[in-house]
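Let's take a walk through this model together. Have the structure open and follow along.

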Amino acid sequence: MNDPYLNELKNEFREYSSELKILKKNLLKSNSSEEQSRIIKKIDSIAKDMEKNQRQSVRVTRSRLKEKSKAKKTSQS
């Protein structure tokens, strides 16, 4: 399904994933417990954003599919 909004959500998700990879590397390299705590908080925040992104993506996909099925039913009538 090629939808501009869904594509935007996918791109956001990829950005979150890339940021998580970087934070994971930084976390493993860090020796400071304060820095590790800060990184973990960022990771948690990004994880919540990713969950919101996924829920929104599912909602939009379902909505688009309903729209398509309604359009097919209308055109077949």
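**From the surface to the core**

Arg14 is exposed, its relative accessible area being 51%. That is just a number on a predicted model, but the cut-off makes the label clear: exposed means over 50%. Arg14 sits in helix 1. Now look across to Met50: the two C-alpha atoms are 9.5 Å apart, although 36 residues separate Arg14 and Met50 in sequence.

Together with Tyr16, Leu23, Ile39 and Ile46, Met50 makes up the largest nonpolar core, which has five residues in all. Which elements give two or more residues to this core? They are helix 1, covering residues 4-29, and helix 2. Helix 2 supplies the largest share, with three residues.

Back out to the surface, then. Lys48, Lys52, Arg55 and Arg59 gather there in a patch of positive charge. Take Lys48 as your example: Lys48 belongs to helix 2, which runs over residues 33-76. Is Lys48 buried or exposed? With 55% relative accessibility, Lys48 counts as exposed, because the cut-off for that label is over 50%.

Next come the charge pairs. Side chains of opposite charge can pair when their charged atoms come close. How many salt bridges does the model have? The count comes to two.

One of them joins the side chains of Asp3 and Arg64, with a distance of 2.7 Å from N to O. Asp3 counts as buried because its relative accessibility is 11%, and buried means under 20%. Arg64, at 22%, is partly exposed.

The other salt bridge is between Arg38 and Glu35, where the closest N and O atoms are 3.8 Å apart. Why does that pair count? The distance limit is 4 Å, so 3.8 Å falls within it. Here both partners lie in helix 2, three residues apart, or about one turn of the helix. Arg38 is partly exposed, with a relative accessible area of 41%. Glu35 is partly exposed too, at 32%.

Note on methods: Residues numbered from 1 in each chain as written. Predicted model: local features only at pLDDT ≥ 70, side-chain atom pairs only at ≥ 80, totals over all residues. Heavy atoms only, no water. Patch = residues over 30% accessible without salt bridge, like charges linked within 9 Å, V, L, I, M, F, W, Y side chains within 5 Å. Areas by Shrake-Rupley, 256 points an atom, 1.4 Å probe, with all protein chains shown as cover. Lys, Arg positive; Asp, Glu negative; His and termini not counted. Charge placed at Lys NZ, Arg CZ, Asp CG, Glu CD. Helix = DSSP H or I, 4+ residues; strand = E, 2+ residues; numbered from the N terminus. Buried < 20%, exposed > 50% of the residue type's maximum accessible area, 1.4 Å probe, protein only. Core = buried A, V, L, I, M, F, W, Y, C linked by side-chain atoms within 4.5 Å.
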